[in-house]
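Subject: Structure for you to look at

Hello,

Here is the structure I said I would pass on. Please keep it open while you read the notes below.

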Amino acid sequence: MDDSELTERLARDLDGSFELLVRTHVDRCYTIALRVLGNPHDAEEVAQDALVRAHRALAGYDPQRIRELRLRAWLATIVVNLCRNRVRRHPLPTTPLAPLVETGHEPRADGSTDPAALAVAGADRDRLAALLATLPDRYRIPVVLRHVDDLSYAELAEVLGRPEGTLKSQVSRGLAMLRAAAIAHELEELTA
Amino acid sequence: MNPTISLTDDTPGGLAPALFEPAPVHVAEHVLVETGLADRMAPIDSPLGTLWVAWNGRGVSEVEQAADGAEAARRHEARTGRRTTVATALPPSLAATIGRRLAGETRVRIPLDLRGRTEFEVAVWTKALEIPRGEVRPYGWIAAEIGRPKAVRAVGTALGHNPVPLIVPCHRVVRTDGTIGQYSLGGPRNKRTILAAEGLDPDGLEDAARRGERLSGSTTTKIVCWPTCRHARRVQDRYRVSFRSLREAGAKGYRPCKICRPTAVDAAA
């Protein structure tokens, strides 16, 4: 079911169709929170809280407003804001990128660094997640929304309130950092 | 085969094969309970033995007797249409509030989920909440207090439909003739058990009512009360006097207690 059909149903009968919204979106809410915050416990709480808040908000909206919602971006906004609040209260311990720069793996913003693709096995998956967690917020959050979730740049602009052009360069820079970090940490390469 | 991920910005979702992670099942479950679209159920101890309490994010939605949690959940689902899962225990804060209420504290607020109930039912149950532990009031008193003095029978029906017995103390509402009356949670015998556990003597109450002692006054204060009102019960025997009706008390110069307000059922007394 696409989101316009879902919002139509929510507008007609919120309590009758909210479970469908939960089933459809819970995994992506959780994934966004997990990759932004970097730990499963906080991600669970944020995903739960976000969906409960979504229900409370929808209960206060008139049907027309619910129909006009861009659900994917709207939910992502709630999740990202809750993640930010949480980080503000309990700052994440982050690994600075400086060591990567020192070892000569400074990311190039033009994206010319290889590899373009990686084969990711179980352990590498965790390492990739850990590398992603080291990116500064302003790169990590757009990368998560665009590439772990799959929002369009228009949706990203809605969630983060930044111009699309800015977000494109932040995503590109974030990916470049990730590539460099992947090389530095010898993730198995698979050159496209 | 390991998933291959793309580290380019060509198509969205490139990292998803590696970094997408389904939420643990309890996340969705928690959201549905929290929003009142599904319920949980857990056991509590009571003077009637184990009872099963159902709740969701809006409040407590049912208290029932059942052989086990599965049966309680099945019946609750049938009544409410909401999926109900059995938990090992209530959330600690809710367990504590219910415990304090059952122990007689009247100021604890227990949130209740009374969706789908009529305004009249909710008015009856809210009024019953005012009756302190260790005291009883007649059905007619509730009817009068909620401004529906003639709806005595409907009050009885509403109390019979009380979804949260013990929490809403419908066991403290007795028949206008002073007999203990019916009880929804497993029958009249349970009503007597609970009243006895709250320090009352159900047989003694019925005997007194049969002797025509419907109201109790004090010769020193010239105030008349329901017999179980805490102000009536602290009157010493030598100053205590009984009345058949408020009219009789009024004729002898007694005024109704402002706490238990026996005015209300003059007609029914």
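A residue counts as buried under 20% relative accessible area, as exposed over 50%, and as partly exposed in between (1.4 Å probe, protein chains only). By that rule Arg53(A) is partly exposed, with a relative accessible area of 40%.

Some notes on how to read the numbers. This is a predicted model, in which local features need pLDDT of at least 70, side-chain atom pairs count only at pLDDT 80 or more, and totals for chains, interfaces and linings use all residues. Residues are numbered from 1 along each chain as its sequence is written, chains are lettered from A and ligands numbered from 1 in the order in which they are written, and side-chain values use heavy atoms, with hydrogens and water left out.

Salt bridges

A salt bridge here is a side-chain nitrogen of Lys or Arg within 4 Å of a carboxyl oxygen of Asp or Glu. Over all chains the structure holds 39 salt bridges. Arg53(A) makes one with Asp49(A), at 3.1 Å from N to O. Both residues sit in helix α3 of chain A, 4 residues apart, which is about one turn of the helix. (Helices, H or I with at least four residues, and strands, E with at least two, are DSSP runs numbered from the N terminus.) Asp49(A) is partly exposed, at 28% relative accessible area.

In chain B, Asp203(B) and Arg192(B) form a salt bridge whose closest N and O atoms are 2.9 Å apart. Asp203(B) belongs to helix α9 (residues 202–210) and Arg192(B) to helix α8 (residues 188–197), so this pair ties together parts that are 11 residues apart in sequence. Arg240(B) and Asp237(B) also meet in a salt bridge, at 2.9 Å from N to O. Of these two, Arg240(B) is partly exposed at 32%, while Asp237(B) counts as exposed at 62%. Shared partners join the salt bridges of Glu62(B), Glu64(B), Glu71(B), Arg75(B) and Arg79(B) into one network.

Where the chains meet

How many residues does each chain bring to the contact? Chain A gives 41 and chain B gives 35, with contact meaning heavy atoms within 4.5 Å. About 3,300 Å² is buried between the two chains, and carbon and sulfur atoms give 64% of this. Buried area is the accessible area (1.4 Å probe) that two parts lose on being put together, summed over both. In chain A, Gln48(A), Arg125(A) and His147(A) lose the most area to chain B, together 17% of what that side buries.

Gln48(A) lies in helix α3 of chain A and is buried, with a relative accessible area of 10%. Not counting residues up to four places away in sequence, Gln48(A) touches His26(B), Val27(B), His30(B) and Val31(B). Arg125(A) forms a salt bridge with Glu21(B), at 2.7 Å from N to O. The count between chain A and chain B is 4 salt bridges.

Strands in chain B

Strand β3 (residues 49–56) of chain B is mostly covered, with 6 of its 8 residues buried. It runs antiparallel to strand β2 (residues 38–46), joined by 7 bridges, and 2 residues make the hairpin between β2(B) and β3(B). β3(B) also pairs with strand β4 (residues 59–64) in the antiparallel sense, over 5 bridges. Two strands pair if DSSP finds at least two bridges between them.

Regards
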